[in-house]
Amino acid sequence: MDIVQILSNTAGSVLSPVTIGYALATIGLAMHFGYAGLLNMGIAGFMAIGAYGYAISILSFGFPWWGGVLVGMVGAVLFALVLGVPTLRLRGDYLAIVTIAAAEVLRLLFLTTAFEEYTGSADGLSGYHDSFRASNPLPDGRYGVGPFTYTEDQWWVRILGLAALALALLLVWALVRSPWGRVLKGIREDEDAVRALGKNVFAYKMQALVIGGVIAAMGGVVYALPASVNPGVYVTSLTFFVYTALLLGGAATVFGPVLGSVIFWVLQTLLGNLLPALVEIGVLPMSTSQSQTLRFILVGVALGLIVIFRPQGILGNKKELTFVK
Amino acid sequence: MSSSANPPVARAKATGLHVGDAVPGVKKVDPIIVVDGVKRTFGGLTAVDVDHLEVPRNAITALIGPNGAGKTTLFNLLTGFDKPDSGSWTFDGRSLSGVPAFRAARMGLVRTFQLTKALGLLTVLENMKLGAKDQTGEKFLSSIFPFLWRKQEEELEVRAMELLTKFKLDAKADDFAASLSGGQRKLLEMARALMGQPTMVMLDEPMAGVNPALTQSLLEHILDLKDEGMTVLFVEHDMHMVRHIADWVVVMAEGRIVAEGAPADVMKNPAVIDAYLGAHQEIDLGVVTGRHTPEDKA
C-alpha cells in the first residue's frame, strides 16, 4: 500500500477541475435551493447544457473557446426560462419533479443517436481543446510543488476555473447581502407574505433560477475543459452529489458550497484510492470493483448523517435552524 | 403596555358614512372599494356571491359572519390572492379585476393573514425592511452596487425602528422572527404592512390568539391607522372588539352580504342574530367570556 501516493492523489483533488466544476454547480444550487427555496433537482441538466454548449459550438460551429463559454451561458439562460415559465408557479415539490424530468429529457436528447453528428451520442465529445490551449499565456513545462505539479495546460484550466469560481462567489455574495437577496430569502420563507408586500415573486424566482443556472452551467464548462464531454456524467446521481456537497457546506451560505465540494472530492479521492489498496492487502473482504461501489454507499450514508445531525451544514448558522417550521 | 401608562382616549366614531337606508349594498358617501357581482365557487359550493359592496374611506369597517361565510375568500379575491368566477371591483377608483396580488399591494392595498406569516428565518428588522416599496436595491442589477441603495436602506432602517418602537418590538429587532410569540408576530405583521405606507389595510383576524393585554394595544394601533388617514377593513369574531372600534359593520353569511350598518344597529338586526350572534346577543360577549362585568358595558 503506497500511502504517499494515496495522500498525494487526495491532496491533488483539492485543485482538480472536477472539484472546481462541482463548486460552481453547488454555488448555483445554493442560489436556487439555499436562498430562493427552489427545490431544483435538475442541476445536472444545467451542467450538461454548459458542457455540451461549449463543446458543440467549438466542434460543430468553429467558435473560439470563449464563444463556447458564452454559448453555454446563454443555453443555461434559455433552459432556465423554458423550465421556469411553466413550473415556478407550482409548489416546491412539483418543481422538484419537473426539474428532475427536464434534466433527464435533456440528457437523453444528448444521448440519442438522432443528433449524433453534433452530440457524439454515447461516445460524447472530445478534441475541442485547440482554441483553449492556444489562448494559454503560460510557457510550456511543468510547474508547482508536490501534489500540485501540473503542465501549463492543466494550470490554465485551473486558473480560469478558479477565476470563474471567484467571480461567482463575488456575485452571489453581493446579491444575497442586498435587498434583492432579502426578498429572495423572504420568498423562501413564505412567498404569499412577500407577495402581500408588493413584490413580484415570480420575477424574483425566475431571476434566481437564471443566475443559479448560469453559474451551474459554468461548472459544467469547467468540468469539461480539461478532457471530454461524456453523457454518462450528467445523470441524476450527479444532482445528488451536488446536493451532498451543498448540504455538507451549508445550503444558505456563500462559501459553504466551495468547502462542501472540496470535502466531497477529497473524501471521494481518498476512499477511491484507499479502499482498493485495503482490498489488495486483504483488509477488506471484497473485490476492487466492489470497493468502488462501497465508496458511493458511504457517500449516501454521509448525506443522511449530515441532514440528521448537522442540517445547517458546516458553515451554516446554527440559529437559523433552531426553529423548526 | 403603554396603554396603562397613557390611558386610551375615547375616539369618536366616524358617522354619516352611507347614503339612504343601511341595507346590504348601501351606497357610501366616499367609498374606497366598490365591489360589483363578485362570485367565487369551489366546485358546487358558492363561497362568495356579493352583488354590491362599498367600503367607506378613512373608516374602520368590520367584516363579520359565521365560519365558512366567505370572509377570508372575499379578502383573497379583493387582494388578488384568488380569482373570482365573475365580477369586478375597484380600489381608489382603479379597477382591480385580474390585477395580481403584488400589484394590488403596490397600489396601496396591503393585507395581513389569518395564520400569521412572519418570515421566520429573517430578523425582525429584515422583515420590516422587506415591507417598504420602491427599493432600488431590490432590483437585480442595482442590487450588486451597494452605493446605489445604501442611503435608502439607512432611511428605511430609521423608519423601521420608529415603527418597531411604536409596536414595542424594537428590543427584538435583531432576533429571528421565528423567535417571536404568536401575539408579537401579529404585531410584526401589522408593522411590516405599514412599512409600505398603504392607503388601506386589510386585517384578517388580527386578534386571533392574542392575549387580552396585547389586544388592548393592538386595538389602539388599529385606531391609530384611521387617525393617520388610512382605511381599515378587518375580519374578527370578537364582537366586543367590533363594537369598540368599528365605524361600520358588514355581515356575511353563506357567501352573501346579509346586513350592513353602524355596529350598534347591526347587532340588533334579527337576520344577524339568526345567522351569527345567536342567543347570547343580549348578554355582552365580554360577560360570557368573563372579561367584563355587566356594569362595564358601555
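In what order do the 6 strands of the open sheet in chain B lie? The order is β8-β9-β10-β5-β11-β12, and the pairing is mixed. The model is predicted. Chain B is assigned two parts, domain 1 (2–118 + 197–296) and domain 2 (121–179).

**The sheet**

- The edge strands of chain B are β8 (109–111) and β12 (256–261), each of which pairs on one side only.
- From one strand to the next, the twist averages 20 degrees.
- Helix α8 (residues 212–227) of chain B packs on this sheet, where it touches β5 (60–64), β9 (200–204) and β10 (231–235) of chain B.
- The direction of helix α8 makes about 130 degrees with that of β5(B).
- Strand β11 (residues 248–253) of chain B pairs with β12(B) in the antiparallel sense, over 5 bridges.
- Within these two strands, B:A253 stands opposite B:R256 in β12(B).

**The two domains of chain B**

- The C-alpha centres of domain 1 and domain 2 of chain B are 29 Å apart.
- In the contact between them, 9 residues of domain 1 of chain B meet 7 residues of domain 2 of chain B.
- The size of an interface is often given as the accessible area lost when the parts come together.
- Domain 1 and domain 2 of chain B bury about 640 Å² between them, with 52% of it on carbon and sulfur atoms.

**Links across the interface**

- There are 2 salt bridges between domain 1 and domain 2 of chain B.
- The side chains of B:D224 and B:K166 form a salt bridge, at 4.0 Å from N to O.
- Polar contact is found for 2 residue pairs across the interface of domain 1 and domain 2 of chain B.
- On the side of domain 1 of chain B that touches domain 2, the elements giving two or more residues are α3 (101–106) and α8 of chain B.

Definitions and conventions
Residues are numbered from 1 along each chain as its sequence is written. Chains are lettered from A and ligands numbered from 1 in the order in which they are written. This is a predicted model: local features need pLDDT of at least 70, side-chain atom pairs count only at pLDDT 80 or more; totals for chains, interfaces and linings use all residues. Side-chain values use heavy atoms; hydrogens and water are left out. Two strands pair if DSSP finds at least two bridges between them. Helices (H or I, at least four residues) and strands (E, at least two) are DSSP runs, numbered from the N terminus. Axes are lines fitted to C-alpha atoms, for helices over the stretch in contact, and angles run from 0 to 180 degrees between N-to-C directions. Contact means heavy atoms within 4.5 Å. Domain bounds come from an automatic or database domain assignment. Buried area is the accessible area (1.4 Å probe) that two parts lose on being put together, summed over both. A polar contact is a pair of N or O atoms within 3.5 Å; within protein, one must be able to donate a hydrogen and the other to accept it, and residues adjacent in sequence count only if both atoms are side-chain atoms.
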